[in-house]
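Thanks for sending this one over. Here are my notes, in the order in which I would go through them with you.

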Amino acid sequence: MADYQQPPKQPEVKQPKAVAPTPENLHLLSRRDFMTLLIGGGASLVLAATLAQPLDTFARQISETRPAGHEGDSNFHWVMVIDLSRCIGCDYCVWACQATNDTKDDMRWNIRIDDETPLGEVFHVTRPCLHCTHAPCVEVCPVSATYHRADGLVAMDYNKCIGCRYCQTACPYGARSFNWFERSDENPRVPEWGTPEVQRRPRGVVEKCTFCVHRIDAGLANGLMPGVDEDATPACVNICPVNARFFGNINDPNSTVSRIISSRPTIRLREDLGTEPNVYYIPPEGLV
Amino acid sequence: MTAASHTTTAKFRPMGVRHTSLAFKLWVGFLVLALIIGLVSASQVIMNGLGVTNLTDELPWGLWITLDLSSIALGAGAFTLSAAVYLFGLKRYEAIARAAVFVGLLGYSSAMLALFMDIGRYDRFYHPLIYWNVHSVLWEITMCVMLYTTVLLMELIPIIIESTPLKNIAILRTLAHVLHRFMPVVALVGMGLSLLHQSSLGATYGILTARPVWYSPSAPVLFILSAVAAGAAVTMLATVLAGKLLRKELVPEDVLFGVAKLVGFACLAYLYLKLWSWAATNYYSQVPERQLGSEILSQNTPYNFTFWFGEVLFGALVPAIFMLWRRTRSNRNILILGALMIIAGLVINRWNMTLSGFVIPLDWSPGTRDVFPINQYMPSLIEWGVAIGILAYGGLAFTLGIRFLNLYPQARELPPNEPVKATAEAAAPSTPVAPASA
């Protein structure tokens, strides 16, 4: 290893730092400095003026596209209303969803939990995806695989999803499931609660409730109105034996959902987080 | 690096021993075995899906994300020491900058391996390059990590060409020279990228409003400060360990001590923000959700103990003293110990950070009942296997790098009058090569 020799140390030459001011070097600004500043400043101004317009447009575009991934405009904005004072916790909506959207028991899109009011009265909460207006899942997705449709739905593009599961981490409602395995199971809810209307999702992507988007889109194309005509309405809404679920277009002031929301007190889950969910709950007695 | 080093390495002359000793063979054999364990485990994951892990929908990130966060942070030495050389003009740190770049590349490539294993669709790993979501911190991280790994490769390629017979090929030699010329610019771009994503890794957790233990503006800054400390510590550790095993002084002493001091001060800065971040959120204010979260953590996990002893006391405070007090700093063994403590503290921190947010269940139900169970996680054997494989990759690459690359341009043999244990020299005529430590 004689190849490696320490480089000879160069004695550092100290430059004298302070020079006593003399009339020659006391110029605050030489002519040369002045010209440089003048040209430099002028060039900067010209550059700023040229770039101002495109930069402004760019900045506007950035602020207008927030929150991320919103698609154009639509006459429709779909919302769901769930009446907790009516819900009897029968799980029909859970099972109908499983059959229609072909989900496993541990990957349910629509779940039921039991909670109680401050007075100890038990009530049941069912939770689909809340299709938030400011959806954390959409904001964090690194590939825009989940996005806002113009009609307010938070949709998934299974062909883009890389399966990083950041959306699961970000969703405040635990509404997302991951395909940990390739599916080969028998669906226990078929045929009693319905038949699958959508393809199973491949291994390695995240999925969630779609508000039965396939029914909405096909229904509208056939002149049906989601929330009114059963064929265009989410399975969970149709099956409810006590009519605790309603679906419809909140942009239409005469829709059932609009009338309920404008006439009755409703809550949304974790409103403090600013996610603006599109699922409204009518609270049970004794809550709120 | 300098013209001198180009000419002095005229023959192919690796840094380490020129023949393979038994110890070296055993060490490489051990690493290859670990690598095979990793490959077998990874094939299980790729064939059967991520269901073979112990991750769940409630706790979807675990050991591999911890490994990913840790190796990126441990690779930050490249960014810190490049900043010293190219931004602050501290030219003497060029002596250790190459090693930092090499360790950095190992860290980043290990992290990319861990991420690759962690995503559900390996066939779509490139999607962030095509489908942009500029609003996503994870998109920003992916882009920065890819670009920065490219930067590190550009910094390393001249070293590889110069250290191996590749330098006899004229076009490669020209390439090395061109890359070398642009190095200051490349290094500065790299620093910007590194600064961005090291912080945004903290923001990955810090921006999530629904998880009160994570939601914090200090998370990004804590991530970069700990990365500065730990990244430089790993580079220092690698240098000291390799120097011990090769019985050489790989970098001048003042450079080594300078890095140690930098590590010490970074630890102090990290501690300062960490303590204030804790005090502001857990001591001087009472946000109900956060309090509940802290209670859950302290009752169900070793979070409190590992936070105070693993992260704060033995992960930052004690090693900061080791690095800053002249008497401890000048002892190589204490330097090694201190660096190991910082690395352990960082890994514990990344584990705690990842797990704490998931262990505390989300509570979105409007009622008063505790509906949601606390989430538990222990990595499965296959997860450990993959992690061991990734570590083995890092160890093997480091071993070969130390042996075949000219990573320390100012290395010199220790003069005979300097204290080298005579027994060790007599007993071991062949020099073992440094084991990897990251």
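**Notes on the predicted complex**

1. In chain B, helix H17 (residues 422–427) has the lowest confidence, with a mean pLDDT of 38, while helix H3 (residues 63–74) has the highest, at 97. Here pLDDT is the predictor's confidence in each residue, from 0 to 100, and helices (H or I, at least four residues) and strands (E, at least two) are DSSP runs numbered from the N terminus.

2. A word on conventions: residues count from 1 along each chain as its sequence is written, and chains are lettered from A and ligands numbered from 1 in the order in which they are written. This is a predicted model, where local features need pLDDT of at least 70 and side-chain atom pairs count only at pLDDT 80 or more, while totals for chains, interfaces and linings use all residues.

3. Chain B has an average pLDDT of 88, and 90% of its residues score at least 70. Two stretches of chain B need care: residues 1–17 stay under 50, with 34 contacts beyond four places in sequence, and residues 420–438 are also below 50, with 43 contacts beyond near neighbours in sequence. A contact means C-beta atoms, placed from the backbone, within 7 Å.

4. For the complex, the predictor gives an ipTM of 0.87 and a pTM of 0.84. Chain A brings 50 residues to the contact and chain B brings 42. On the chain B side, the elements that give two or more residues are helix H1 (3–8), helix H6 (127–130), helix H7 (137–163) and strand S2 (412–413). H7(B) gives the most, with 4 residues. By class, this side has 18 nonpolar, 15 polar and 9 charged residues (nonpolar: Ala, Val, Leu, Ile, Met, Phe, Trp, Tyr, Cys and Pro; charged: Asp, Glu, Lys and Arg; polar: the others, Gly among them).

5. Chain A holds an open sheet of 3 strands in the order S8-S1-S9, with mixed pairing. Strands S8 (245–249) and S9 (279–282) of chain A stand at the edges with a single partner strand each, so one side of each has no neighbour in the sheet. Strand S1 (residues 78–83) of chain A pairs with S9(A) in the parallel sense over 4 bridges; pairing requires at least two DSSP bridges. A:Ile82 has A:Tyr281 in S9(A) as its bridge partner.

6. Chain A is assigned domain 1 (30–64) and domain 2 (78–282), with bounds from an automatic or database domain assignment. The centres of these two domains of chain A, taken over C-alpha atoms, are 51 Å apart.
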